[in-house]
Amino acid sequence: MLTEDKKQRHWKPIIKAFEAVLGKNGVVQRREELITYECDGLTSYRQRPAVVLLPRTTEQVAEAVKICNQYSVPFIARGSGTGLSGGALPTEDSVLIVTSLMRQILNVDLDNQRIVVQPGVINSWVTQTVSGAGFYYAPDPSSQIICSIGGNVAENSGGVHCLKYGATTNHVLGLKIVTPEGEILDLGGKIPEMPGYDLTGIFVGSEGTLGIATEITLRILKSAESICVLVADFTSIEAAGATVSDIISAGIIPGGMEMMDNFSINAVEDVVATNCYPRDATAILLIEIDGLNVEVAVNKQQITEICQKNGARCVTSASDPETRLKLWKGRKAAFAAAGHLSPDYYVQDGVIPRTQLPYVLHEISNLSEQYGYRIANVFHAGDGNLHPLILYDRSIPGALEQVEEVGAQILKLCVKVGGSISGEHGIGADKKCYMPEMFSTADLETMQWVRQVFNPQGLANPEKIFPTPRTCGEAASAVSAKQFEGVERF
């Protein structure tokens, strides 16, 4: 079914059926226009889809999926295309269902602290919609000004504030979805806890393999009475890592706690010019605390003392909104700024226990020296979610393969110390070969049973999340296994 040769598929009746549902403007098929959709934020792998669909309603998505089923055409859902694991990477001879035109805010219910949006709504729009009434939406990925809620749901995205408030799954109350067979289902509801199986929890983070979310009911939070951001700079990245563990051990859960190393600091200052980060610091911690005025005051004092005890050279703070925004601006721009350090970078997304931060950061430094590639570290330190950016030049033959190997070693190191191969970027096409590092064969088979219940024909986002012999070799965890049939490599 999925291996049908492209030359044998007759697209004319399929496209005609799509146009009957979406209109000619809702079907993209010109070769030059399809280039826009050939990859997501992971640009190392590219595959042009056969057709791109631009629905605006749940019903249009459902009808499009039914047509895909009728002709046994694989389909992949895509939002803003900011994902970093190849989750929205088309497969050969596939249809891409892009939800970027589904951007209506359908309902705002401040009394019950919830909002209903379509999947194309941009993350930051949610907070902008409710901030005037004193509310906000907590999950805030670094790409929040361009990433969409539908993509956040697919990948279970996190962000700066996931330390205290949790990732996307903690803020999704209900979903309207289109199943891989074209049925429309309502999962969850309007209240935090629903009886029966937690199908909403299963769907969030399923990376488009269980269907397409077309309406999302989100939980919004009341803004805190007081917010303060502290910046502490260190001459040792290990000391900064130890500080993170000490703050949590003291019983303080900051709203966010981020770390940046010297590479990242200077890249950000070169590009954003915040003039807030000391260029000679080996590492800095950005720590946000929120709550009642008295709570913030006490925690601010205690955190300052912990930082100083661990050797911080200076601890500064800001409580006014303008300065706080300026302090966070650099951290939010860190990934983009890395492009000024090197022609290319390869980012990973491992998670480790906080107590292992000093050891793992030291080992990452050793890998950098061993392989000869600089590695910039910027990450969610509070919950141990690492984002090492391996700097390289893809025009050099063999460089991509080498940095992939470095990335694989980092992921294996994370698992070794009791962590995970992904915290918020998802598995997608990029990390599926490393799933056996974390899960047994029985574990992976059980996950596949869930997928088969929702997606019996295997048409929804095929070749993602789970290792297959064709893409990962007989040894699914092999570092060098990075072959995608029909996918161009850059």
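I take axes as lines fitted to C-alpha atoms, for helices over the stretch in contact, and angles run from 0 to 180 degrees between N-to-C directions. Helices (H or I, at least four residues) and strands (E, at least two) are DSSP runs, numbered from the N terminus.

**Ground rules.** I am working on a predicted model, where local features need pLDDT of at least 70 and side-chain atom pairs count only at pLDDT 80 or more, while totals for chains, interfaces and linings use all residues. Residues are numbered from 1 along each chain as its sequence is written, and side-chain values use heavy atoms, with hydrogens and water left out.

**Whole chain.** I looked up the secondary structure and found 17 helices and 20 strands in the protein chain. Along the principal axes, the C-alpha atoms fill a box of roughly 70 × 55 × 45 Å. I then checked the radius of gyration, taken over C-alpha atoms, against the globule rule of 2.2 Å times the number of residues to the power 0.38. For 490 residues a compact globule would have a value near 23 Å, and the protein chain agrees because it has 23 Å.

**Helix 8 with helix 13.** I started with helix 8 (residues 237-249), which packs with helix 13 at an angle of about 150°, the axes being 8 Å apart. My cut-offs for direction are under 35 degrees for roughly parallel, over 145 for roughly antiparallel, 65 to 115 for roughly perpendicular, and oblique for the rest. The two helices are therefore roughly antiparallel to each other. Helix 8 passes helix 13 in a right-handed crossing; a crossing is right-handed if the near helix is turned clockwise from the far one by less than a right angle, and left-handed if anticlockwise. I count a contact when heavy atoms are within 4.5 Å. Helix 8 brings Ile237, Glu238, Gly241, Ala242 and Val244 to the contact, and helix 13 brings Leu357, Pro358, Leu361 and His362. By class these residues are six nonpolar, two polar and one charged. Here Ala, Val, Leu, Ile, Met, Phe, Trp, Tyr, Cys and Pro count as nonpolar, Asp, Glu, Lys and Arg as charged, and the others, Gly among them, as polar.

**Helix 8 with helix 10.** I next took helix 10 (residues 293-309), whose axis comes within 9 Å of that of helix 8 and crosses at roughly 145°. This crossing of helix 8 past helix 10 is right-handed. Thr243, Asp246 and Ile247 of helix 8 meet Ile303, Ile306 and Cys307 of helix 10. I sorted them into four nonpolar, one polar and one charged.

**Helix 13 with helix 14.** I found helix 13 (residues 357-371) packed with helix 14 (residues 399-416) at about 160°, with axes 11 Å apart. That angle is why helix 13 is roughly antiparallel to helix 14. Helix 13 passes helix 14 in a right-handed crossing. The residues in contact are Tyr359, Val360, Glu363, Ile364, Leu367 and Tyr371 of helix 13 and Glu405, Val406, Gln409, Ile410, Leu413 and Lys416 of helix 14. The classes come to eight nonpolar, one polar and three charged.

**Annotated span.** I looked up UniProt, where an unreviewed entry lists residues 45-223 as "domain: FAD-binding PCMH-type". The span is 21% helix and 26% strand, and its end C-alpha atoms lie 41 Å apart.

**Single residues.** I noted Asn156 for a positive phi near 55° in a residue other than glycine. Asn156 sits in the loop between helix 5 (149-155) and helix 6 (162-165). Glu207, also not a glycine, has a positive phi of about 60°, and lies in the loop between helix 7 (199-203) and strand 11 (212-219). I placed Lys222 in strand 12 (residues 221-222). Not counting residues up to four places away in sequence, Lys222 touches Gln113, Ala133, Gly134, Phe135 and Tyr136.

Key
UniProt positions are given in the numbering used here, feature names are shortened, and annotations may be inferred rather than shown by experiment.
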